[in-house]
Amino acid sequence: MKHLASVEEFNERKDNGRTIFMFSADWCGDCRFIEPVMPEIEAAHEDFTFLHVDRDQFIDLCADLAIFGIPSFLAFEDGEEIGRFVSKDRKTKEEINDFIDAL
């Protein structure tokens, strides 16, 4: 998964096409738990671009978006938020797939 490089890139990606942002951090055990299955999830949902957002690097962006727990997922289509799976709870592959399938 590609890592977000800047807030400008965030705005560009959210405004163009279908993008899912995964908010995470290196120290987050629940984030590490889902990392091994993310390539499978990405492959199953090729109509979305996936971007990893480091919560510590983009703390102001997270606050602006009300991302207070990780791992969390935000989905956008052409600038419109179409879904959010935001909480501090551990997420399973099935829960993430269900979230994306419902978009």
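**Group meeting talk: the cores and the sheet**

Let's start inside. The largest nonpolar core has 17 residues, and Leu-4, Phe-10, Phe-21, Phe-23, Ile-67 and Ile-70 touch the most other members. By nonpolar core I mean buried Ala, Val, Leu, Ile, Met, Phe, Trp, Tyr and Cys residues joined through side-chain atoms within 4.5 Å. Buried means under 20% relative accessible area, with a 1.4 Å probe and protein chains only. S2, S3, helix H4 (59–64) and S4 each supply at least two residues of this core. Helices here are DSSP runs of H or I, at least four residues, and strands are runs of E, at least two, numbered from the N terminus. Apart from this core lies another, of 13 residues, including Ile-34, Ile-41, Phe-73 and Ile-100.

A word on the model. It is predicted: local features need pLDDT of at least 70, side-chain atom pairs count only at pLDDT 80 or more, and totals for chains, interfaces and linings use all residues. Residues are numbered from 1 along each chain as its sequence is written, and side-chain values use heavy atoms, without hydrogens and water.

Now the sheet. It is open, with five strands in the order S1-S3-S2-S4-S5 and mixed pairing. Two strands pair if DSSP finds at least two bridges between them. Which strands are at the edges? Strand S1 (2–3) and strand S5 (80–85), each pairing on one side only. Strands S2 (residues 18–24) and S4 (residues 72–77) run antiparallel, joined by six bridges. Arg-18 stands opposite Glu-77 in S4.

Last, Phe-10. Leaving out residues up to four places away in sequence, Phe-10 touches Leu-4, Phe-21, Leu-61, Leu-65 and Phe-76. Contact means heavy atoms within 4.5 Å.

Definitions and conventions: Buried means under 20% relative accessible area, exposed over 50%, partly exposed in between (1.4 Å probe, protein chains only).
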